[in-house]
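Keep the model open while reading.

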Amino acid sequence: MQAVGLGVALALALLAVPQGARADLWRAEQAQLTEAAPLAQSVLDLSAALNMAEVMAVLREEGIAGSADLAEDLPNGLRDPVWAGAVLQIYDVAQMEAVFNRAFAAQLEAEPEAVAAATAFFRSEIGQRVLGLELAARRALMDEAVEAAAAEAHRDLAVQNPKRQALLDRFVAANDLVESNVMGALNANLAFLRGLAEGGGEDFVLPEADMLAQVWSAEPEVRAEMTDWLFPFLTLAYQPLSDAELTAYVEFSETPAGQRVNAAMFQAFDAVFNGISRDLGRAYGQALQGNDI
């Protein structure tokens, strides 16, 4: 993925890796997270300010759509009813949000000032505007024609509006959107392979070193895809913003509060995606053998 603002871009980039899982495994393995002590209200307020429930709903749409590519290699093909049912069940928006919030709170429990500052920013008029634009751009980019147009717009940007391109570059650097998203994607890919080894039988069991080598061999491709997706997304999302508005957003991202919350969001999305990816690997391995998931 990749934040709504700080969070939407990262969550979105993470979707470059396969995602999904069995509902029973997902719920069982995350039970300790969701049944622990109540979260600090301040973190829940920040999550709400970030429109996290809506972010998770978009992730569900994207994940369900993306699962069709994996299904093409299953014995029962694209319309495998068991696989389709498993994917629908695991993309439980409330559960995904609960896992995110638990991990988010763990990262920010000693950062009340950062939480307060970020909540104030994202509740502001500019904060809510950028969040809405990011979500709208994510949904729009599900259309291949829009994706192509956004890529073309970004290619033209450096020539036609170098000041704007510089602002986007500054935003990406402030939030570490390329490096952190690449690492998140690789970690999720590793989780998928581990799950596949657990669910797919002896044919898919690999030594950990081999799994790591396989994941790292894809790093250049993951990095290229991440960059090719990220900058057109940002170009499209922030097109309605004035330079002054975008500068305000960048400047918040560069504050200590912006930096701390951004890092916490990466960690929280990792908790969501790594669990989903591992369970998807298990379910996919079973489906490849023609077994019920």
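Which residues in α10 meet which residues in α14?

## Basis

This is a predicted model, in which local features need pLDDT of at least 70, side-chain atom pairs count only at pLDDT 80 or more, and totals for chains, interfaces and linings use all residues. Residues are numbered from 1 along each chain as its sequence is written, and side-chain values use heavy atoms, with hydrogens and water left out.

Helices here are DSSP runs (H or I, at least four residues), numbered from the N terminus.

## α10 against α14

From α10, the contact takes in Lys163, Arg164, Leu167, Leu168, Arg170, Phe171, Ala174 and Asn175. Their partners in α14 are Asp243, Leu246, Thr247, Tyr249, Val250, Glu251 and Ser253. Contact means heavy atoms within 4.5 Å. By class, this contact has seven nonpolar, three polar and five charged residues. Ala, Val, Leu, Ile, Met, Phe, Trp, Tyr, Cys and Pro count as nonpolar; Asp, Glu, Lys and Arg count as charged; the others, Gly among them, count as polar.

The axes of α10 and α14 come within 9 Å and cross at roughly 20°. Axes are lines fitted to C-alpha atoms, for helices over the stretch in contact, and angles run from 0 to 180 degrees between N-to-C directions. The two helices are therefore roughly parallel (angles under 35 degrees; over 145 is roughly antiparallel, 65 to 115 roughly perpendicular, the rest oblique). Their crossing is left-handed, with the near helix turned anticlockwise from the far one by less than a right angle.

## α7 against α14

Helix α14 (residues 243-253) also packs on helix α7 (residues 112-123), at an angle of about 165° and with the axes 12 Å apart. That makes α7 roughly antiparallel to α14. This crossing, too, is left-handed.

Ala117, Ala118, Phe121 and Phe122 form the α7 side of the contact. Ala248, Tyr249 and Phe252 form the α14 side. The contact divides into seven nonpolar, no polar and no charged residues.

## α3 against α7

Helix α3 (residues 41-49) and α7 cross at roughly 30°, and their axes come within 9 Å. The pair is therefore roughly parallel. α3 passes α7 in a left-handed crossing.

On α3, the contact residues are Ser42, Val43, Asp45, Leu46 and Ala49. On α7 they are Val115, Ala118, Thr119, Phe122 and Arg123. Six of the contact residues are nonpolar, two polar and two charged.

## The second largest pocket

This pocket holds about 170 Å³ of space. On a 1 Å grid over the protein atoms alone, a pocket is an open set of points where a 1.4 Å probe fits, with protein on both sides within 12 Å along at least five of seven lines; lining residues have an atom within 4 Å of a point. Points are joined across faces, edges and corners, and the volume is the space filled by probe spheres set on them.

The lining has 13 residues. Ala153, Leu157, Thr235, Leu236 and Gln239 lie nearest the centre. α9 (144-160), α10 (162-175) and α13 (219-238) each supply at least two lining residues. The largest share, five residues, comes from α13. The lining divides into eight nonpolar, three polar and two charged residues.

## Positive phi values

Asn51 is not a glycine, yet its phi is positive, near 55°. Asn51 sits in the loop between α3 and α4 (52-71).

Asp176, also not a glycine, has a positive phi of about 50°. The loop between α10 and α11 (177-199) holds Asp176.
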